[in-house]
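Here is a friendly look at the aromatic rings in this structure and at what surrounds them. Keep the viewer open as you read.

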Amino acid sequence: METIFQSIEILSKEKGIDPQIVLDAVKDAMLIAARKHFRTTEDYIAELHEKTGALQLFAVKRAVETVEDPAKEMTLAEARRINPEAAVGAEIRIPKKTDLLGRISAQTAKQVIFQKVREAERETVFNEYSGRTGELVNCTVKRVEGPDYILDLGKTEARLPKKEQSRLESYSVGDRVRCVIKVVDKSSKGPGVVVSRAAPELVMRLFEQEVPEIYDSTVTIKGCAREAGERTKIAVQSRDRDVDSVGACVGMKGMRVQSIIRELRGEKIDIIEYSEDAVTFATHALSPAKISRVTIIDALEKHMEVIVDDSQLSLAIGKKGQNVRLAAKLLAWKVDIKSEEEKRQEVESAMAALVNPPEPVSSLIEYGLEEELATRLAQAGVDTIDKLGGMTPEQLQEIPGVDPEMVESIRDSVTAYYSQFEEAPPAAMDEVEIFPAADSEAPLETALETATETAIETAIETAIETMEGEGAPPEDLEAPDSAGNRELSPEPRDLENAGESDTIIDSGRISHDESEDSSSQSE
């Protein structure tokens, strides 16, 4: 029996559990094996003898006057044969031989002991590591199970799953790895501790080890956003106005941050100065891009709009949207990035919508659309004609209550609506009154002469009004000049010499200028 005690003690030390837990597991295994061997419904109890260390098995029955359940009760006379002092209601223990238990019962007891020990071990691991989530630990690769690594933490094992690995890293058995404790699972079948190499906490713990200012809380880490194997953005803030937070993390010639980059296998790290102002912080977080302006759209919903120069748009967005995605995680804001050209077009579209608001679907009722169908479309979210015109027949049929016949009716109504905006065909020449003063049936030459007379009269009236404003007598305009070409005659000229009407008007203006000069000389 001393061997049993020694085995329990060794097993307890190896698994780091209480010896009493192992002893209770042995007793439970003995009871299960006894029930399986004797195949009765009797109640059993197992005890370990204090002096000899022997494991004893007893069947327990209760002394009664009249026996109703022979498996659990016995008469008072039978009870007093075993214990002379037994009374009614006393619990009588009947010894059972344990050497009768066979190989199958022993195997069952062994499985029960292992199960109880594993449960106790899992409980111990959970109690030890549940409060250490986010802590940096040193591990050794113990074995590889598919895409996962099983790491040795010393007292227990930890699992490094595929999703918690960096794409830049691969390990072999025996390699030493630094990880952070991600989660401790009590109910898992395998190792209960899950560690990570892709969590942002790993970068934060590495900075705490490498930068003394962070360790003594002179510089604090305000946030960290990471895409493992690609890039990390970390925001830091200094509590001492004389200490540069970014410079402290970078170190002399970048020595501090370079050691962290080597640990992360060349992953890029952006160190950003934290600011309480969301606009300033956003400007820093989107570096290396240069930001033109930041607009807070909704402070409660944490939504902002960032405008950058057209040449900086791709840099601000980053490779596959990585830069803006990390900045949004770091800010905990929804960030919309637009170029100056996109913003200008957006403003122009908004202004155009204000000047020319979209027509509602109800306007199609005038073009043959049923009122009930227009209401149904509006309830489905299709409230404007432009939106309706951009939908396909398949999309229209997805609206509840719209069948193919209604789709045809909608198409006819939309077509009729848009047909009013098409250019009308050019009218015939005889339907257009080009020269109001000429008769439509008169020849073209007469019409041109009439237009010429009208143009000359207009030019004379304009010249008279101008001269009256300058104080010159209007009679001077009517006096003929010796040159002959200064006289403004209201009579029509020969079309071959005069040319087009606009040319005659220009000539009138020239004659007016010369008449003005001669009037000035006479004064």
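Tyr417, by contrast, has a relative accessible area of 9% and is buried.

A word on the model: it is predicted, so local features need pLDDT of at least 70 and side-chain atom pairs count only at pLDDT 80 or more, while totals for chains, interfaces and linings use all residues. Residues are numbered from 1 along each chain as its sequence is written, and side-chain values use heavy atoms, leaving out hydrogens and water.

Rings of Phe, Tyr and Trp (its six-membered ring) pair if their centres lie within 6.5 Å; planes under 30 degrees apart are stacked, over 60 edge-to-face, and the rest tilted. That rule gives 4 aromatic pairs. Among them is Tyr149 with Tyr171, edge-to-face because their planes stand at 80° with the ring centres 5.7 Å apart. This pair links distant parts of the chain, 22 residues apart: Tyr149 is in strand 6 (residues 148-152), and Tyr171 is in the loop between strand 7 (157-160) and strand 8 (176-184). Strands here are DSSP runs (E, at least two residues), numbered from the N terminus. Tyr149 is buried at 10% relative accessible area, and Tyr171 is buried at 10% as well.

Tyr417 and Tyr418 are edge-to-face too, since their planes meet at 75° with centres 5.3 Å apart. Together with Tyr367, Tyr417 and Tyr418 form one aromatic cluster.

Charges also sit over rings (NZ of Lys or CZ of Arg within 6 Å of the ring centre and within 35 degrees of the ring normal):

| Charged residue | Ring | Distance from ring centre |
|---|---|---|
| Arg93 | Phe58 | 5.9 Å |
| Lys222 | Tyr274 | 5.3 Å |

Terms used:
Helix = DSSP H or I, 4+ residues; strand = E, 2+ residues; numbered from the N terminus. Buried < 20%, exposed > 50% of the residue type's maximum accessible area, 1.4 Å probe, protein only.
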